[in-house]
Amino acid sequence: MYVAVKGGDAAIENSQSLLAEERRGDTAVDELDLEQIKQQLSLAVDRVMTEGSLYDEDLAALAIKQARGDIVEAIFLLRAYRTTLPRFGASEPIDTGDMAVRRRISATFKDVPGGQILGPSFDYTHRLLDFTLAANGEPPAPTPVAEAPVDQDMPRVTELLNQEGLIEQESADDDQEVFDLTRESMKFPADREARLQNLARGDEGFLLALGYSTQRGWGRNHPFAGEIRMGEVAVEFTPEELGFPIEIAEITVTECQMVNQFKGSSEVPPQFTRGYGLTFGHCERKAMSMALVDRALRAEELGESIEAPAQDQEFVLAHACNVEASGFVQHLKLPHYVDFQSELVTVRALRKAIRGSAANQEDPGVAPAAE
Amino acid sequence: MDGITNPEAPETLAGYNFAYLDEQTKRMIRRATLKAVAIPGYQVPFGSREMPLPYGWGTGGIQVTASIIGVEDTLKVIDQGADDTTNAVNIRRFFAKTAGVATTEKTAEASIIQTRHRIPEEPLRADQIIVYQVPQPEPLRFIEPREAETRKMHALSEYGIMHVGLYEEIAHFGRITQGYNYPVQVDDRYIMAPSPIPKFDNPKMDHMPALQLFGAGREKRIYAVPPHTKVKSLDFEDHPFTIESWEQSCALCGSSESYLDEVITDDRGSRLFVCSDSDYCRTRRDAGHEGSGLPVPAEPDTTASEPAGESS
Amino acid sequence: MIDRDMAPLLQVSDLSRHYGGQVGCEDVSFELYPGEVLGVVGESGSGKTTLLKCIAGLLPPSAGTVSFDTRVDGPRDIYAMSEPERRMLMRTDWGIVFQNPRDGLRMNVSAGANVGERLMAVGARNYGEIRGNAVDWLTKVEMDLGRIDHLPETFSGGMQQRLQIARNLVTQPRLVFMDEPTSGLDVSVQARLLDLIRGLVRQLGIACVVVTHDLGVVRLLSHRLMVMRGGRVVEHGLTDQVLDDPQHPYTQLLVSSILPV
């Protein structure tokens, strides 16, 4: 006698218990410390903060530990936590021109005021596995300190181009309320501010591939890395009671300004165009990819024909969020047997109808009559 | 809607508000829901939040339920018609943890029913609300991928293309083959996706006394069918809408009126058919109804190996 | 015969369209009467395509008006209409046959559905009747009925154009715009298609604006002719008169460069 399977609750509890065991692994091995994750896996922390849309290194480290190193899962944890946080206002826009720069490079000029500062980067390493890291040894010797500090006067390369009028101006209307993607849903066609917010929290892999596609000819826009800078900026907030801004935090950001294909019209002589990328921490690859895709999505506004996926707003922006993508792809694991049953009924009926008409020796080329 | 939260209710999960969402968010969702009720079948955009369950797993339904549920409500959660499928269990646990409300498996005792892919067999009453989990709120999406264009089509009632889809199915297969998420027209105006319920359940939506709310979290839309509203499944005059039927009846309770699940019982393909709605089935059995309990052997496939019925 | 005492179906006044500093078309005016076919010829860059887009409701002009004699409200400026009204007009009383059939057909839907779509869009709900209508029109455009359920992807260029025509004519529009309807097709296919168009247009009394670079097409189809160059109309008149006795030097040049058939 068939008995319907029950016990979903118990099964779930056991699954969660198994998961906790897997997460901990061999208990003879030291448990991961959040501080270790923060310090020694900082780029993972940076990515989780960027795509999780929340700047908190401790929470990001916790999310990574809880997610067993699955970054997309960690991003989801952080986003879900963010939902519960009260919003007490918006900060002043951060001023990346006022950054305590730790890395600053430009590919458009050999040298620029303030200099080319390499900072900590994988760029100049040889990708050879370093087996000395396998055995935890002495901490690395401290880097020698320079004779003079980094030049405070570090104008943006785009501003230098601006002096000659060579590059388009970016300006924001300070009086207008800023669209907030975390509070309202996206509408198409979307404004640049909504697009940039979407890209900032979008999946790095997706944007990397799309950015790459533009370089290979799918919507080429001749990018140059005008400037990439990484360092600390102050976050300022103006409480109503005070009426003036106070610094409430210092965060690390990476900013990429791409200088792109010049454009002119009958009214305006040719100028370079721009793409912009910004991330929390040191997510440089993401900042660059974001800038490439930002510029591609400006195709319509710049009078370019839309031919490539990276230029297609709805395609890019609807699929950039890995929390949404992961949820929906994985939802296929949920039971779908009721709908499948519906399909079974249909397919069986169609096959039966075909058998029936074949048996009656009707012309099999004619579609069977409706039921 | 009786969903006023009780400020005296104890916080059930340390540090979280009643039913997880903060009051501002609930207010925002209720405003969107009221607008949806005022425009039957129209998709209202809302600022969907990330929830502790993934997008695609019912976050829209959860947010709607969280915004209307109160301490006095009794919640039933089903998936595929059953209370104890893992997703239903998970969501019920979520509300038990974050709202501490009473839960039930009996349709008749629930004030709010959150469902994935089925409408209960037991007719719903005016004092109940059913909340559907919706993966894709836009019925036109698979014909027209662009949101900017589908918005226009709804605004201008440009729905010819929906019937083109049905025409194609008849031209190809001799009948309309869409079996679930079968498009409907609400109040003679908006075309709506009823969520992936089997078309078997569509007639239940027409003039239902209960309020029907639809939440799509990932796509960020809420829509609604107010009580006693016309809901008509699309069809042609000469190819009218029909629902599924089975030769068998429920092996457990004997019902030949309900939607049946197929359960494979051995490796030769023998099958049992049982009610998808577990509460309905149990209620019938408790009242003394019985099914045969016997599996049905697999049907031999005598269809020609070449599909003979292709008309193209 | 064209009745010029009736109200014109389409009245275009001082139409101009600029792109930044560039002229698309400038100061174009004409009237089109019911059943009349107007040819618009010029080389590429002459502004004829811009003109077509403006008068077909696809591109708002920089200056001037396009007025259509609607069935219900009489003459109306099409750009003063609301978008819903204009879209409805374009789906019922107007047709547009595009140069590239892909722009005018749904490639992923059968020929029958392509023809039936306009009917379904205005409320037809009987499958048998819709299919019957599709059969009628596919017959009228001399297509093989056995392909009614096939996708346009599988059709030749000539068949795709015939399908486009059927799809537009099914709601019996009073005005059809055609953009290079036969370019890219074999000469013999062109000839048969032009014959078909001419026959249908005369039979159904449809007014037409046909944009083309091919003088042979206008000779066959149109009552009147406008010659465009650099965005302006340099000559217009009865087709035979303009082609047999061109006044403007540019028209003379065009006419003299036709290869004798």
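The model is predicted, and local features need pLDDT of at least 70, side-chain atom pairs count only at pLDDT 80 or more, and totals for chains, interfaces and linings use all residues. Residues are numbered from 1 along each chain as its sequence is written, while chains are lettered from A and ligands numbered from 1 in the order in which they are written.

The strand S9(B) spans residues 221–225, and five of its five residues are buried. Helices (H or I, at least four residues) and strands (E, at least two) are DSSP runs, numbered from the N terminus. In a regular strand, side chains alternate between the two faces of the sheet. Strands are taken to pair if DSSP finds at least two bridges between them. On that basis, S9(B) pairs in the antiparallel sense with strand S1 (residues 44–45) of chain B over two bridges, and Val44(B) has Ile222(B) as its bridge partner. Strand S8 (residues 211–216) of chain B also runs antiparallel to S9(B), joined to it by five bridges, with Phe214(B) opposite Tyr223(B). Four residues lie between the strands in the hairpin of S8(B) and S9(B), where Lys220(B) takes a positive phi near 65°.

Helix H1(B) covers residues 23–38 and reaches 22 Å from its first C-alpha to its last, close to the 22 Å expected for its 16 residues at 1.5 Å a residue; the expected span is 1.5 Å times one less than the number of residues. Buried in H1(B) are Thr25(B), Lys26(B), Ile29(B), Ala32(B), Thr33(B), Ala36(B) and Val37(B). These residues line one face of the helix, because they fall within an arc of 140° seen down the axis of H1(B); the arc is that of the directions from the helix axis to the C-beta atoms. Turned away from this buried side are the exposed residues Glu23(B), Gln24(B), Arg27(B) and Ala38(B).

Helix H7 (residues 187–204) of chain C has 18 residues and reaches 26 Å from first to last C-alpha, close to the 26 Å expected at 1.5 Å a residue. Gln190(C), Leu193(C), Leu194(C), Ile197(C) and Val201(C) are its buried residues named here. They lie on the same side of H7(C), because they cover an arc of only 105° around the axis. Ser188(C), Gly199(C), Arg202(C) and Gln203(C) are exposed on the face turned away from the buried side. The cover over the buried residues of H7(C) includes strand S3 (37–41), helix H6 (157–169), strand S8 (207–212) and helix H8 (215–221) of chain C.

Just after H7(C), Gly205(C) takes a positive phi of about 65°. Gly205(C) is also in contact with Gly35(C), as are Ile2(C) and Ala207(C), leaving aside neighbours of Gly35(C) within four places in sequence; two residues are in contact if their C-beta atoms, placed from the backbone, lie within 7 Å. Gly35(C) lies in the loop between strand S2 (22–32) and S3 of chain C, and is partly exposed, with 19 other C-beta atoms within 10 Å. Although 171 residues apart in sequence, Gly35(C) and Ile206(C) are 4.6 Å apart in space, C-alpha to C-alpha.

Turning to the contacts between chains, 54 residues from chain A meet 60 residues from chain B. Helix H12 of chain A gives the most to the side of chain A that touches chain B, with 16 residues. Between chains C and B, 17 residues of chain C are in contact with 17 residues of chain B. Helix H4 of chain C provides the largest share of the side of chain C that touches chain B, six residues.

How values were computed: A residue is buried if 20 or more other C-beta atoms lie within 10 Å of its own, exposed if 12 or fewer, and partly exposed in between; C-beta atoms are placed from the backbone.
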